[in-house]
Amino acid sequence: PSISLQRSGRTGLPLEQEAGMYGLINNAIRQLTIERCGPQTWSDIAGDLGLEDRFISMNHYPDALSAQLVSRLSEAMDVSPDVVLQQLGIYWVSKASKEYSDLFSQLGPSLTTALQNLDSLHSRVALSFPDLSPPSFDCTDISSDGLTLHYYSTRHGLTSFVRGLLQGMSEAFGSPVAIATLQSRSDGSDHDVFRITYLSSDHLR
(Lines give C-alpha, C1' and ligand atoms only; values in the text may rest on other atoms or scores of the structure.)
Protein backbone atom coordinates (compact mmCIF):
# COMPACT_ATOMS: atom_id res chain seq x y z
CA PRO A 1 0.00 0.00 0.00
CA SER A 2 1.10 3.57 -0.59
CA ILE A 3 -0.04 7.03 0.31
CA SER A 4 0.37 10.45 -1.24
CA LEU A 5 0.33 13.60 0.86
CA GLN A 6 -0.01 15.76 -2.22
CA ARG A 7 0.52 19.47 -1.69
CA SER A 8 -1.01 22.25 -3.72
CA GLY A 9 -0.93 25.00 -1.13
CA ARG A 10 -2.11 24.94 2.49
CA THR A 11 -1.69 21.62 4.24
CA GLY A 12 -3.71 19.43 6.54
CA LEU A 13 -1.67 17.75 9.28
CA PRO A 14 -1.57 19.68 12.54
CA LEU A 15 2.02 20.93 12.36
CA GLU A 16 3.14 21.57 8.80
CA GLN A 17 4.66 24.40 6.86
CA GLU A 18 5.28 25.18 3.23
CA ALA A 19 8.73 23.52 3.13
CA GLY A 20 7.44 20.20 4.49
CA MET A 21 6.42 18.59 7.75
CA TYR A 22 7.66 19.52 11.21
CA GLY A 23 9.63 16.80 12.97
CA LEU A 24 6.96 16.61 15.67
CA ILE A 25 4.69 14.79 13.23
CA ASN A 26 7.31 12.27 12.18
CA ASN A 27 8.19 11.64 15.82
CA ALA A 28 4.51 10.86 16.44
CA ILE A 29 4.60 8.32 13.59
CA ARG A 30 7.79 6.87 15.10
CA GLN A 31 6.20 6.48 18.52
CA LEU A 32 3.02 4.99 17.06
CA THR A 33 5.17 2.47 15.19
CA ILE A 34 6.97 1.48 18.39
CA GLU A 35 3.73 1.16 20.36
CA ARG A 36 1.94 -0.89 17.70
CA CYS A 37 4.78 -3.00 16.31
CA GLY A 38 7.71 -2.75 18.70
CA PRO A 39 11.08 -0.95 18.64
CA GLN A 40 12.67 -3.42 16.23
CA THR A 41 10.15 -2.57 13.54
CA TRP A 42 10.99 1.11 13.90
CA SER A 43 14.72 0.32 13.80
CA ASP A 44 14.19 -1.64 10.58
CA ILE A 45 12.20 1.17 8.96
CA ALA A 46 14.68 3.84 10.04
CA GLY A 47 17.58 1.73 8.78
CA ASP A 48 15.95 1.07 5.40
CA LEU A 49 15.26 4.79 4.92
CA GLY A 50 18.64 5.94 6.24
CA LEU A 51 17.15 7.86 9.17
CA GLU A 52 18.41 8.79 12.61
CA ASP A 53 16.44 7.24 15.46
CA ARG A 54 14.57 10.47 16.21
CA PHE A 55 13.55 13.59 14.33
CA ILE A 56 14.35 17.12 15.43
CA SER A 57 10.94 18.48 16.43
CA MET A 58 11.33 21.99 14.98
CA ASN A 59 13.13 20.91 11.80
CA HIS A 60 11.37 20.59 8.47
CA TYR A 61 11.20 17.25 6.64
CA PRO A 62 9.87 16.45 3.14
CA ASP A 63 6.23 15.43 2.81
CA ALA A 64 7.39 12.37 0.90
CA LEU A 65 9.21 11.10 3.99
CA SER A 66 6.06 11.28 6.13
CA ALA A 67 4.19 9.42 3.40
CA GLN A 68 6.89 6.73 3.37
CA LEU A 69 6.65 6.31 7.14
CA VAL A 70 2.88 5.88 6.99
CA SER A 71 3.17 3.37 4.15
CA ARG A 72 5.82 1.34 5.95
CA LEU A 73 3.77 1.29 9.15
CA SER A 74 0.72 0.14 7.20
CA GLU A 75 2.77 -2.78 5.85
CA ALA A 76 4.03 -3.67 9.33
CA MET A 77 0.50 -3.57 10.78
CA ASP A 78 -1.02 -5.28 7.70
CA VAL A 79 -3.66 -2.59 7.39
CA SER A 80 -4.37 0.14 4.85
CA PRO A 81 -2.65 3.54 5.04
CA ASP A 82 -6.07 5.03 5.85
CA VAL A 83 -6.24 2.90 9.01
CA VAL A 84 -2.77 4.11 9.98
CA LEU A 85 -3.75 7.74 9.39
CA GLN A 86 -6.85 7.34 11.54
CA GLN A 87 -4.80 5.75 14.32
CA LEU A 88 -2.27 8.56 13.99
CA GLY A 89 -5.04 11.13 14.42
CA ILE A 90 -6.26 9.44 17.59
CA TYR A 91 -2.70 9.16 18.88
CA TRP A 92 -1.94 12.81 18.11
CA VAL A 93 -4.86 14.05 20.22
CA SER A 94 -3.89 11.73 23.09
CA LYS A 95 -0.32 13.04 22.92
CA ALA A 96 -1.35 16.70 22.62
CA SER A 97 -3.87 16.53 25.47
CA LYS A 98 -1.12 15.27 27.81
CA GLU A 99 2.03 17.04 26.62
CA TYR A 100 0.34 20.35 25.78
CA SER A 101 -2.40 20.27 28.40
CA ASP A 102 -2.39 24.04 29.00
CA LEU A 103 -2.93 24.72 25.33
CA PHE A 104 -5.41 21.88 24.91
CA SER A 105 -7.48 23.14 27.85
CA GLN A 106 -8.06 26.38 25.97
CA LEU A 107 -10.33 24.53 23.57
CA GLY A 108 -13.10 24.74 26.16
CA PRO A 109 -15.02 22.50 28.55
CA SER A 110 -17.00 20.43 26.03
CA LEU A 111 -16.52 18.66 22.71
CA THR A 112 -18.84 21.05 20.90
CA THR A 113 -16.97 24.09 22.16
CA ALA A 114 -13.63 22.46 21.37
CA LEU A 115 -14.59 21.79 17.76
CA GLN A 116 -15.74 25.37 17.37
CA ASN A 117 -12.43 26.62 18.76
CA LEU A 118 -10.06 24.61 16.56
CA ASP A 119 -9.18 27.55 14.32
CA SER A 120 -8.51 29.73 17.35
CA LEU A 121 -6.20 27.05 18.76
CA HIS A 122 -4.26 26.86 15.51
CA SER A 123 -3.83 30.65 15.58
CA ARG A 124 -2.20 30.40 19.00
CA VAL A 125 -0.01 27.49 17.92
CA ALA A 126 1.17 29.52 14.94
CA LEU A 127 2.81 31.99 17.34
CA SER A 128 5.35 29.28 18.20
CA PHE A 129 5.57 27.87 14.68
CA PRO A 130 5.98 30.87 12.35
CA ASP A 131 5.98 28.74 9.17
CA LEU A 132 2.85 26.84 10.16
CA SER A 133 0.12 26.59 7.54
CA PRO A 134 -2.86 25.32 9.55
CA PRO A 135 -6.04 23.86 8.13
CA SER A 136 -9.41 25.48 8.77
CA PHE A 137 -12.49 24.03 10.46
CA ASP A 138 -16.04 25.34 10.38
CA CYS A 139 -18.98 24.01 12.40
CA THR A 140 -22.51 24.26 11.00
CA ASP A 141 -25.93 22.73 11.71
CA ILE A 142 -25.20 22.65 15.43
CA SER A 143 -27.90 21.05 17.56
CA SER A 144 -28.26 18.98 20.70
CA ASP A 145 -27.88 15.88 18.51
CA GLY A 146 -24.62 16.82 16.80
CA LEU A 147 -23.02 19.12 14.26
CA THR A 148 -21.52 19.21 10.78
CA LEU A 149 -17.79 19.89 10.55
CA HIS A 150 -16.21 21.32 7.40
CA TYR A 151 -12.47 20.72 7.00
CA TYR A 152 -10.65 22.94 4.50
CA SER A 153 -7.24 22.03 3.14
CA THR A 154 -5.58 21.98 -0.25
CA ARG A 155 -3.89 18.65 0.51
CA HIS A 156 -5.39 15.36 -0.62
CA GLY A 157 -5.45 12.10 1.28
CA LEU A 158 -6.02 13.12 4.89
CA THR A 159 -9.72 12.46 5.38
CA SER A 160 -8.92 9.43 7.56
CA PHE A 161 -6.43 11.42 9.63
CA VAL A 162 -9.09 14.02 10.41
CA ARG A 163 -11.56 11.28 11.33
CA GLY A 164 -8.94 10.06 13.78
CA LEU A 165 -8.52 13.54 15.21
CA LEU A 166 -12.27 13.79 15.73
CA GLN A 167 -12.42 10.36 17.35
CA GLY A 168 -9.49 11.28 19.58
CA MET A 169 -11.18 14.50 20.64
CA SER A 170 -14.41 12.67 21.48
CA GLU A 171 -12.41 10.30 23.69
CA ALA A 172 -10.47 13.15 25.31
CA PHE A 173 -13.71 14.89 26.26
CA GLY A 174 -15.51 11.70 27.25
CA SER A 175 -18.23 12.32 24.66
CA PRO A 176 -18.85 9.27 22.43
CA VAL A 177 -19.82 10.09 18.86
CA ALA A 178 -20.59 8.53 15.51
CA ILE A 179 -18.66 10.10 12.64
CA ALA A 180 -19.94 9.97 9.07
CA THR A 181 -18.06 11.35 6.08
CA LEU A 182 -20.53 13.33 3.98
CA GLN A 183 -18.07 14.43 1.32
CA SER A 184 -14.37 14.00 0.72
CA ARG A 185 -11.58 15.52 -1.32
CA SER A 186 -10.89 12.04 -2.67
CA ASP A 187 -14.33 12.12 -4.31
CA GLY A 188 -13.62 15.42 -6.05
CA SER A 189 -15.15 17.76 -3.47
CA ASP A 190 -13.35 20.99 -2.62
CA HIS A 191 -13.26 20.12 1.11
CA ASP A 192 -14.12 17.35 3.55
CA VAL A 193 -17.41 17.35 5.46
CA PHE A 194 -18.18 15.19 8.50
CA ARG A 195 -21.43 14.72 10.38
CA ILE A 196 -20.77 14.19 14.07
CA THR A 197 -23.67 12.62 15.96
CA TYR A 198 -23.57 12.61 19.77
CA LEU A 199 -24.26 9.24 21.36
CA SER A 200 -24.85 10.60 24.85
CA SER A 201 -25.57 13.89 26.61
CA ASP A 202 -21.97 14.21 27.87
CA HIS A 203 -21.21 16.89 25.25
CA LEU A 204 -23.60 19.22 27.13
CA ARG A 205 -21.42 19.31 30.26
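Reply: Contact here means heavy atoms within 4.5 Å. By that criterion, 66% of the contacts in the protein with a separation of 6 or more are between residues 24 or more positions apart. The model is predicted, so local features need pLDDT of at least 70 and side-chain atom pairs count only at pLDDT 80 or more, whereas totals for chains, interfaces and linings use all residues. Residues are numbered from 1 along each chain as its sequence is written, and side-chain values use heavy atoms, with hydrogens and water left out.

The setting comprises eight helices and seven strands, that is, DSSP runs numbered from the N terminus (helices: H or I, at least four residues; strands: E, at least two). Of the 205 residues, 48% count as buried, meaning under 20% relative accessible area with a 1.4 Å probe and protein chains only.

A nonpolar core is a set of buried Ala, Val, Leu, Ile, Met, Phe, Trp, Tyr and Cys residues joined through side-chain atoms within 4.5 Å. The largest such core has 46 residues, and those with the most contacts inside it are Leu107, Leu115, Leu166, Met169 and Ile196. Helix H4 (residues 81-99) supplies the largest share of this core, seven residues. In soluble globular proteins, nonpolar side chains tend to be buried together.

Apart from neighbours within four places in sequence, Leu107 is in contact with Thr113, Ala114, Asn117, Leu118, Leu121, Met169 and Phe173.

Methods
Buried < 20%, exposed > 50% of the residue type's maximum accessible area, 1.4 Å probe, protein only.
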